[in-house]
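Please walk through this structure with the model open beside the text. The paragraphs below take up charged pairs, then a strand residue, then a pair of helices.

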Amino acid sequence: MKQPKYIFVTGGVTSSLGKGIVAASLGLLLKSRGYRVTIQKLDPYINVDPGTLNPYEHGECYVTEDGAETDLDLGHYERFLNQPTSQANNVTTGRIYQSVIEKERRGDYLGKTVQIIPHITNEIKRRIKMVGRGGDYDIIITEIGGTVGDIESLPYIEAVRQLRWELEENNSVIIHLTLIPYLAASGELKTKPTQHSVRLLMESGIQADVLVCRTEHQIPKEVIAKLTQFCNVKPGHVIECLDAPSIYEVPLMLREQHFDDVVLRELELSTESNPDLLKWKEFLNNWRTPQKEIKIALVGKYVSLQDSYKSITEAFTHAGARLQTRIHVKWVYSGDLKPGNLSENLSDVDGILIAPGFGDRGTDGKVFAAQFGRENGIPVLGICLGMQMMAVEFARNVLGLENAESTEFNTQTPHPVINLMEDQKNVTNKGGSMRLGNWSCNLKENSVIHEIYQNDSILERHRHRYEFNSDYYDDFDRATFRPTGINPETGLVEILEYDNHPFYIGVQFHPEYKSTVIQPHPLFIAFVNAALKYKFKQEN
């Protein structure tokens, strides 16, 4: 079996420079040239996964098809590469240590003292190689989280150092993403932070092959020459990465500087084929030149950190570009919504998305938003908890079930319209124990959702513990808030849609996880279309 080539992406100077976007952009460029590529993220935090983290801590928790709760960067990988990732594509320090300790308890180390080197670093190397074992990929890109110099990242850097020696020459490349800050007082771009960052990397035994420099201003040739000399990289291996209007501009900016050619030559791979970026350019052209615009209210509890809903906003971007529509997201904190201020907050929008989440904070606001959208004919899409709050609102205000509620918030409610799933009732551990990943759903004929998907059965990704209580199935069906999507194995209601409304749909799953640049999700396209029709009707 042919050994894959490895690309390692490290970061320096500061966090949040965009290693994930650079990795995803490089992956897109290489894939567009015919190479089989995947991307992996090594996260230095000790949590086993981000599933139990507050979104304010780490942004959105992204769920893969096989049910892994992962870092939001995996969402970028999937959206850029238009291919799914898996459990193996996200590795955390918590998972590494958990695995090593389990082996020690079994006696796998034959009584030896377990240490960072070689046991932890060996486990890291094993995980890096794991994604390439099936021979499915020519190139594996591994992004190392954190910043060079962080204590948490040292075992990963050491593992990469060891792995480079074990691989044959020209089978790996180190890309170091760094910052070139601009000092307004002196009017200069400063290279010293990058020099220090590269020196730190070299002290760990790794020499960067390529520098990618984030900057607000174009880097002059003399500064690039200085970086080449002082950071010991080849001419042409300093790549400028200017701030861009959209993350989707980055691959083309990097391509203009032949970033992919530089990397391929270092790996001794052919550069003869030209990248096929036609569809990507079509998407960008549509995004840059919208013919229409709408405003969508995103009603959620984590709106002060927009990365908490990253996949949703990106799904809007994909659908908007497909329909040549600029979508302005109005961030509405659900905890602020009250019956007296709904018109003030929601009457100026063309659609309402009721966001997913956990816990009771802000849920009343989601109920009020659902009611306002339902009664005023505004298109509404509810996702996961959003769908559940739409059900609660309908039960209270249409079916007349007083104090209807989810048992997540009130175990004593007389009308548990939303209830804990049966297989969750004896679960005590929180991490990785929800209903996760791809589950099938059968769509009823002659329904709006069937028309949207143009299919009888779909697979969508889930992340929840609570479900629609099937005891209320007939009540909802008679009142035309119909269950139109059902899991064939459990009978779980996955989709509710209201007949007496232009667009009022709640889904238990997370459609945003499957939306990509090349394949916008059909549910988001339908929602945006409904919002366009609503706006046209209001204006005429």
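A salt bridge is taken here to be a side-chain nitrogen of Lys or Arg lying within 4 Å of a carboxyl oxygen of Asp or Glu. The model is a predicted one, and by that criterion it holds 34 salt bridges. One of them joins R164 to D209, with the closest N and O atoms 2.9 Å apart. This pair links distant parts of the chain, since R164 belongs to helix α6 (residues 154-166), while D209 sits in the loop between α7 (192-203) and β10 (210-215), 45 residues apart. The two partners also fall into separate accessibility classes: R164, with a relative accessible area of 24%, is partly exposed, whereas D209, at 15% relative accessibility, counts as buried, because the cut-off for buried is under 20%.

Another salt bridge is formed between D43 and K41, whose closest N and O atoms are 3.4 Å apart, and here both D43 and K41 are buried. A further example brings together the side chains of E375 and R374, at 3.7 Å from N to O, and R374 counts as buried because its relative accessibility is 12%. Salt bridges that share partners also build up a network, in which K41, D43, D71, D73 and E143 are joined.

Which strand holds L42? The residue is placed in strand β2, which covers residues 37-43. With a relative accessibility of 0%, L42 counts as buried. Leaving aside residues up to four places away in sequence, L42 touches V91, I124, I128, T142, E143, I144, G145 and Y156, and E143 in this list is also one of the members of the salt-bridge network. By way of contrast, A185 lies 143 residues from L42 along the chain, and the C-alpha atoms of the two are separated by 38 Å.

The last stop is the packing of two helices, α12 (residues 310-322) and α18 (residues 522-539), whose axes are 9 Å apart and meet at an angle of about 65°. Angles of 65 to 115 degrees count as roughly perpendicular, and α12 and α18 are therefore described as roughly perpendicular to each other. The crossing in which α12 passes α18 is right-handed. On the α12 side the contact involves I312, A315, F316, A319 and R322, which meet F524, I525, F527 and V528 of α18.

Note on methods:
Residues numbered from 1 in each chain as written. Predicted model: local features only at pLDDT ≥ 70, side-chain atom pairs only at ≥ 80, totals over all residues. Heavy atoms only, no water. Helix = DSSP H or I, 4+ residues; strand = E, 2+ residues; numbered from the N terminus. Buried < 20%, exposed > 50% of the residue type's maximum accessible area, 1.4 Å probe, protein only. Contact = heavy atoms within 4.5 Å. Axes fitted to C-alpha atoms, helices over the stretch in contact; angles between N-to-C directions. Parallel < 35°, antiparallel > 145°, perpendicular 65-115°, else oblique. Left-handed = near helix turned anticlockwise from the far one by under 90°.
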